[in-house]
Amino acid sequence: MIAEGLSNRRIAARLHISPSTAGVHVSHILTKLGAATRTEAAAVAFRAGLAGSGPDER
């Protein structure tokens with residue numbers, strides 16, 4: 001969902017969790033990937049084949 005460009009609020013809505021919980025999970029993902037930004041995390045995910053090829057891949 002980070003690679004889709006979703007905000008914490010939209011991630012939270014999709015997962016039925018609070019936005020602050022989504023933010024904590026996003027922070028943990030960034031840390032585990034060694035990414036400084038959401039954009040960098042998305043790039044890592046695309047390179048690793050963990051995300052689709054673009055916005056139409058859902």
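Q: How do the axes of α1 and α2 cross, and within what distance do they come?

A: Two packed helices are described by the angle between their axes together with the distance between those axes. In this predicted model, the axes of α1 and α2 cross at roughly 105° and come within 8 Å. Because angles of 65 to 115 degrees count as roughly perpendicular, α1 is described as roughly perpendicular to α2.

Q: Which residues of α1 and α2 make the contact?

A: On the side of α1 the contact is made by Asn-8, Arg-9, Ile-11 and Ala-12, while α2 contributes Pro-19, Ala-22, Gly-23 and Val-26.

Q: Which residues form the largest nonpolar core?

A: As a general idea, nonpolar side chains in soluble globular proteins tend to be buried together. Here the largest nonpolar core has nine residues, namely Ile-2, Leu-6, Ile-11, Ala-12, Ala-22, Val-26, Leu-30, Ala-35 and Ala-41. At least two residues of this core are supplied by each of α1 and α2, and the largest share, three residues, comes from α2. Leu-6, one of the core residues, touches Met-1, Ile-11, Arg-14 and Arg-38 when residues up to four places away in sequence are not counted.

Q: Is Ala-42 buried or exposed, and which residues does Ala-42 touch?

A: Ala-42, whose place is in helix α3, counts as buried because its relative accessibility is 11%, with the cut-off for burial set at under 20%. Leaving aside residues up to four places away in sequence, Ala-42 touches Ile-2 and Ala-3. The pair Ala-42 and Ala-3 lies 39 residues apart in sequence, yet the C-alpha to C-alpha separation in space is 4.3 Å.

Q: What is the secondary structure of the protein, and what percentage of its residues count as buried?

A: The protein has three helices and zero strands, so that, in the order given from the N terminus on, its elements run α-α-α. Of its 58 residues, 21% count as buried. Among contacts between residues at least 6 apart in sequence, 31% join residues at least 24 apart.

Q: Where is confidence lowest and where is it highest?

A: The mean pLDDT of the protein is 90, and 90% of its residues reach 70 or more. Confidence is highest in helix α1, residues 8-15, at a mean of 98, and lowest in helix α3, residues 38-47, at 93.

Notes:
Residues numbered from 1 in each chain as written. Predicted model: local features only at pLDDT ≥ 70, side-chain atom pairs only at ≥ 80, totals over all residues. Heavy atoms only, no water. pLDDT = per-residue confidence, 0-100. Helix = DSSP H or I, 4+ residues; strand = E, 2+ residues; numbered from the N terminus. Core = buried A, V, L, I, M, F, W, Y, C linked by side-chain atoms within 4.5 Å. Buried < 20%, exposed > 50% of the residue type's maximum accessible area, 1.4 Å probe, protein only. Contact = heavy atoms within 4.5 Å. Axes fitted to C-alpha atoms, helices over the stretch in contact; angles between N-to-C directions. Parallel < 35°, antiparallel > 145°, perpendicular 65-115°, else oblique.
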